[in-house]
Amino acid sequence: MKRWLIWLPFIAFAAVLWLVAAELTRPADRTVRSRLVGQALPGFSLPAAVPGKPGLDARAFRIGEPRLLNIFASWCVPCAAEAPQLAALARAGVPIDAIAIRDKPEDVARFLARYGDPFRAIGADQTSAVQLALGSSGVPETFVIDGQGRIVEQHIGDLRAEDVARLTALVKGAR
Amino acid sequence: MIAEAGLAALWLAAAVALLQLVLAGVALRGGQAEVLAAVRPVAVTGGVLALLAFLCLVAVFVRSDMSVLLVVENSHSAKPLLYRISGVWGNHEGSMLLWVTVLGLAGAAIARIEHRLDERPLVATLGAQGAIALGFFAFLLFASNPFARVAQPPANGLGLNPLLQDPGLAFHPPTLYLGYVGLSVAFSFAVGALVTRDVGPAFARAMRPWVLGAWIFLTLGITAGSYWAYYELGWGGWWFWDPVENASLMPWLAATALLHSVTVLATRDGLRAWTVMLAVVAFSMSMIGTFLVRSGILTSVHAFAVDPSRGTFILALLALYIGGALALFALRIGTVKTGTTFELLSREGGLVLNNLLLSVILGVVLIGTLYPIVASAFGVQLSVGPPFFDKAAGPIALALVVALAAGPLVRWRRDRWDALAGRLLVPVAATGLALGAVVLFAPFKSVLSSAGLVLAAGLAVASVAPLWGRNLARTPLFTWGMVIAHLGVAVSLFGMAADAAFTRETLIAARPGEQVGVGPFRVTFDGLKPAMGPNWSALEGRFTVQRGDAAPFVLRPQQRFFAQPPTTTSEASIATLWDGQLYAVLGNADAGGRWQVRLWWKPFVTCIWAGGALIALGGALSLLGRIRRARLRHEEAWA
Amino acid sequence: MRAWLLPLAALTLVAATSPARYANTQLADPAKEAEAQALMVTLRCLVCQGQSIADSDADMAADMRALVRQRIARGERAGDVRDWLIARYGEYVSYDPPLTALTAPLWLAPIALLVVGLIVARASFRRRRS
């Protein structure tokens, strides 16, 4: 057998070692992002999640007004944590619509009463059907939608104070 | 005090391991005979000290000493004694201590009982054992001290993950560890043989019982682990191609190949380099497995304490030992004389085919398990799961089954195709009959399941064929072992294929009083009641099951609530009948008061684990036969 | 038998909302259910630690099962449902990696290993006298 072939196992082992060591020192980002960023919002029509507030239709996003689409649930702890940031965005004049995932009207109403209500419309997604259509994999998530109904950005996880200015600029800048 | 004694024993054991390594090095570099002779007693001392440290940790857990951090984090005084003891290895530190303890005891055992191998390769082997032990002692002492105290002892501990509070856990990890340690012994023998350039039948005979023993424990560990996942995870699956499962499968595949190649080396003095390489690969697979499980770089469904910093330590040890051994292999193997070569059609040829196919499966599993990391290096998130492994490894596994059926019927050294065809006539006829039966009666689910059913029948007949025409009373024990192990593969394969082909599933939302059917059974949901255990409370569903006119029986699946730590688990209720298992799971209730119920009728699924047990039994018989023959030879030599 | 019936409303087990249709129940047509089941075992639950949606207790997995069964029931092919999900979540959602330039080495590995193995194994056999 050729001389160098004897070193093949050692080389293969070194390659595996290098691979896992690289992964260990710089763990890969495991958040699953939506592939629809940059594409049109899929069509949907959701009934109202709470009495006294309109439900949500995808057509409402194509009227030339950029806005945020917040995915939340009353049973989700980080959703409560990001409420001040959403309130700040609403105060800054950013229109926000929302989808409540697997939620009951009375729970959503209690959540809004307690943590504030920055939303213009809230659609009820009882079976995550719209969430799945959006490529969203959890709550809370916030999508930036431009005036033509195109998804500009997906923010995964709760919004932090530093996200407010950035998202405001992004929505104001979108057409 | 017990904890401090344990820590002291651990430090002493580490010092002794260092001494063992140094003495072996001096002895091999032309030291005096006294130095050579000193290595054995040192190895025994190291084993005793490690055992002492381990017993100290057991004592601390049994007494629920809440001043020890590990006990606080993993135990609770209300736990039953069995789980207080199994809690010792139900965590990272304790399981590593168990690992080095078994390693130390194995080193002591080699030092005490191995007398056939020349003294120099033996001392080199013990030196390698010392080096391995030293690394793991350092890991324990510097990165995962099991005896660390807490400043303010709490009133009670945090408890053990409820999923782990199961008799399965009490035995599953220690069994796998025994297997891993056995492979480390094989590795040390290989390193010893490379260092002393003494690769031959004597080396193979010394290594074989350790490989066989490791393989028995790995087989038992995987079988038990599979059954444990089957009834604990509550979805009726018994193998998920999960990284943690693959991590336990890979050493087994390597050990299976090694087991067969070591036989070729022992009896025919062939496959020298290959056997040494496999011994290194087998141990490296057990270490890579440990690394994958502990470092958390791959996500797994199986609960494990994950810590990247510890992963780094294991990785460094891995690089040192396996990299070192592979480099040694590359440098030395050229100076080892090539072994005997074989005729294509011979038992040796069959065993080479066995090794080839097993190694390819091993490679496929390894690449499939690591490929998500490769993809992530390119910025792509990828999942590699059952569809890949079934498609890529399944056909090779079936080819291996064919080789396994024919192999034992081929003669050593040289055989004739026509003679072999004559011996294969009955198994081939059985395969043909099975094919007809499967085509006529079995539902077609996949090529793999149908081919599995057919080949299982053929293999079952072929595996007992080596016994035909022999005086059974005079057949050597290791031949019986081979026959039973191969029969076990057939039984297990039948179970897997039957589960894939015949399983019936019923998923419903039912109110108490409703009746549903699954397979040949009528199942009535009688209702629910609360139930209590030592450290849990539960809601228990009651289902009356009737099959035809037979007497009804009752299944009681539970939703269990643990307070420490607060968790809900669903406990499947499984009825084992002669022809399969009925599996019931109670899920949540919906707003309308209907309960989610999952029922599976799994014909012959038990064969999977019964086959695994048979394989291990075959290994045990074989080991017994080898030991007995070695002892006979030993006595003859002295007579 | 008295003990068997409990006031169920008092139990915490009752979910906040009812799961989607077909999340935990089967399709009436056995052929369609088998097709859906075969697809579900190859789809990854996005919020779990390495489980297929067929084997997961997570709410989101239940909703994905509902989606798969409803689409199969409507007559969609399993491959189309998989592609629909991959278009939203990427290849990560499928346990069956599609053949691309990146996954080609993975899918070719068995054959490559067999060839290398045969070359290595050849050294063990006696050369034929020609």
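Predicted model: local features only at pLDDT ≥ 70, side-chain atom pairs only at ≥ 80, totals over all residues.

Trainee: At what angle do H12 and H13 of chain B pack?

Mentor: Helix H12 (residues 347–377) and helix H13 (residues 386–406) of chain B pack at about 165°, and their axes are 10 Å apart. Angles over 145 degrees count as roughly antiparallel, so that is what H12(B) and H13(B) are to each other.

Trainee: And is the crossing left-handed or right-handed?

Mentor: H12(B) passes H13(B) in a left-handed crossing. Residues making the contact include B:Gly350, B:Leu357 and B:Gly368 of H12(B), and B:Phe388, B:Ala392 and B:Ala406 of H13(B).

Trainee: What classes of residue are in there?

Mentor: The contact of H12(B) with H13(B) has 18 nonpolar and three polar residues, with no charged ones.

Trainee: Switching topic: how many residues does each of chains A and B put into their contact?

Mentor: Chain B provides 22 residues and chain A provides 16. On the chain B side, H10 (272–295), H11 (308–332) and H12 each supply at least two residues.

Trainee: Which helix gives the most on that side?

Mentor: H11(B), with 11 residues. By class, the side of chain B that touches chain A has 15 nonpolar, seven polar and no charged residues.

Trainee: Last one: what does UniProt list for residues 104–125 of chain C?

Mentor: An unreviewed UniProt entry lists them as "transmembrane region". In the model, that stretch of chain C is 86% helix and 0% strand, with its end C-alpha atoms 32 Å apart.

Note on methods. Residues numbered from 1 in each chain as written. Chains lettered and ligands numbered in written order. UniProt positions renumbered as here; feature names shortened; annotations may be inferred. Helix = DSSP H or I, 4+ residues; strand = E, 2+ residues; numbered from the N terminus. Axes fitted to C-alpha atoms, helices over the stretch in contact; angles between N-to-C directions. Parallel < 35°, antiparallel > 145°, perpendicular 65-115°, else oblique. Left-handed = near helix turned anticlockwise from the far one by under 90°. Contact = placed C-beta atoms within 7 Å. Nonpolar A, V, L, I, M, F, W, Y, C, P; charged D, E, K, R; others polar.
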